[in-house]
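Please look over the structure below before reading the briefing that follows it.

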Amino acid sequence: MEALAAAKGVKTVLRRLIGYAEKVFQLSTRVLQRVTDNRSLPRIPTASIVKAVLALYWSRLGSLNALEMTQAAKFWNLWLDHSLCSADSVGRIVAGLEATALRQGIHHVYERLKRNKALLGFQGLGVAVLDGHETSASYRRCCSGCLQRTLSSGQIQFYHRNVTLLLLCAAPAGRPAVRLLLDLEPQRAGEAELTTALRLLTRVLATYPRAFDVLLADAYYGVAPFLNLLLSQGKHALVVLKDERRGPYQDAAGLWTVLPPQLGSYKQRHCRWWDVPDLRSWPGVHGVLRVVRSEECWTVKPQLTKQATSQTTNWVWLTTCSPAQVRTEQIVRLAHLRWDIENHGFNELVNGWHADHLYRHQSQAVECFLLLAFLAYNLFHAFFALNLKPELRRDRTMAFLTELMAAELHALPRFSRFTAPP
Ligand SMILES: [Zn+2]
């Protein structure tokens, strides 16, 4: 590592990121060296495999073969102290990694950032989002972790699903928000997503007892077992409420017609809010519920017609937070944050980081590759938001930094460069 830090010339982005991770998180000693795998006499150190996969994600190479193509890069000898092993070895060893140690590594990064006061809440509230995601689909191959469905064509499709938890943080003026993917749980064959989510939540509440106060989720999670698990741990839920047949929805809807709304705003939208607390009509829920409705109006001017037209949308949310704990306006702002997991969490991982790629189709490998993607994502986002100087962030987008990191992995030692034809 010292050799890498002391390498001559301008420090590249990848080296700066690694230098930052070593300085702030002691990446080598506190994370990498604690990961083990199931080999009895490992010839290749486990830490080298973890490093290779982190670099694979940071540079968004997209496949183990693309990683293998960078074997000649001088970067590898500097970081690993030996050359990069084959694509097959990386896949095989990741499939035997100890997932618990990877989760502990992710927790260590969280704990350091928390101690450094880098994880800001929203007006004193810690907020997280929970959501289920499909990661990979295939018609040809399946593994012990595959779920399957029959399409209308009669064809059987195999896929993997995970429930994921993303910690959201507020952004102070002048710097981006830090977002941390804390954990995931694979959905098992034959079980409902709710069962997977409760298993994930039980583990996260034990491991991260003070990470969040309010958990955001979609309408699927407006059910007693989910709400009760959170309430039993002193946490709150804020979920979309869609089902118009359900008790609290009907109770609140009866009052919308007679209660005067509060007037407010969200971003550029004019809002009318109805806030109905003290609802007790949800069977099986061990607490008082509250329904908040936000009618939001704004004007759009399509480029083509240039004619301003007004748009209206209605949102209804169910929460266990009391009005004394969280005001109406804050409920609306927090509820809209749910889209963060769509835009910045899992979608960014899938579209930008190739996290849904099947690097090796084996259930343990799928889980470990995703946990490594979470670790890479968290380290990169902390580096981008907290370490990179504002002027560098302004001029260089995340995509540009990624290209610089990929370029570094493709940089070959001097002697192996082709000489230009005369
Ligand atoms: Zn599978």
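Rings of Phe, Tyr and Trp (for Trp, its six-membered ring) pair if their centres lie within 6.5 Å, and such a pair counts as stacked when the planes are under 30 degrees apart, as edge-to-face when they are over 60 degrees apart, and as tilted otherwise. By that definition the structure holds 15 aromatic pairs. This is a predicted model, in which local features need pLDDT of at least 70 and side-chain atom pairs count only at pLDDT 80 or more, while totals for chains, interfaces and linings use all residues. Residues are numbered from 1 along each chain as its sequence is written, and side-chain values use heavy atoms, with hydrogens and water left out.

**Aromatic pairs**

- The rings of Tyr-20 and Phe-383 have their centres 5.8 Å apart and their planes at 50°, so this pair is tilted.
- Tyr-20 belongs to helix α2 (residues 13-25) and Phe-383 to helix α14 (residues 363-387), so the pair ties together parts that are 363 residues apart in sequence; helices (H or I, at least four residues) and strands (E, at least two) are DSSP runs, numbered from the N terminus.
- Tyr-20 is buried, with a relative accessible area of 8%, and Phe-383 is buried at 0%, where buried means under 20% relative accessible area, exposed over 50%, and partly exposed in between (1.4 Å probe, protein chains only).
- Trp-353 and Tyr-377 also form a tilted aromatic pair, with 5.8 Å from centre to centre and 50° between the planes.
- This pair links Trp-353 in helix α13 (residues 339-353) with Tyr-377 in helix α14, 24 residues apart, and both Trp-353 and Tyr-377 are buried.
- Ring pairs also link Trp-58, Phe-75, Trp-76 and Trp-79 into a cluster.

**The zinc site**

- The zinc ion is coordinated by Cys-143 (SG), Cys-146 (SG), His-160 (NE2) and His-361 (NE2), at 2.0 to 2.3 Å; donors are N, O and S atoms within 2.8 Å of the metal (3.2 Å for Na, K and Ca), and water is not among the atoms, so sites may look incomplete.
- The angles among the four donor atoms are 100 to 129°, and the site is tetrahedral, a label given to four donors if all angles lie between 85 and 135 degrees.
- Cys-143 lies in the loop between β1 (127-138) and β2 (147-150) and His-160 in strand β3 (residues 156-168), so the pair ties together parts that are 17 residues apart in sequence.
- Cys-143 and His-160 are both buried.

- Asp-275 lies in strand β8 (residues 269-279) and is buried, with a relative accessible area of 16%.
- The side chain of Asp-275 makes polar contacts with the side chains of Arg-290, at 2.6 Å, and Thr-328, at 2.7 Å; a polar contact is a pair of N or O atoms within 3.5 Å, and within protein one must be able to donate a hydrogen and the other to accept it, with residues adjacent in sequence counting only if both atoms are side-chain atoms.
- Thr-328 is among the buried residues of α12, and seven of the nine residues of helix α12 (residues 328-336) are buried, so this helix is largely enclosed by the rest of the structure.

**The loop between α8 and β1**

- Lys-117 is found in the loop between α8 (99-115) and β1, and has a positive phi of about 55° although it is not a glycine.
- Lys-117 is exposed, with a relative accessible area of 68%.

Definitions and conventions
Four donors count as tetrahedral if all angles lie between 85 and 135 degrees; four count as square planar and six as octahedral if opposite donors are over 155 degrees apart and all others between 65 and 115; anything else is irregular.
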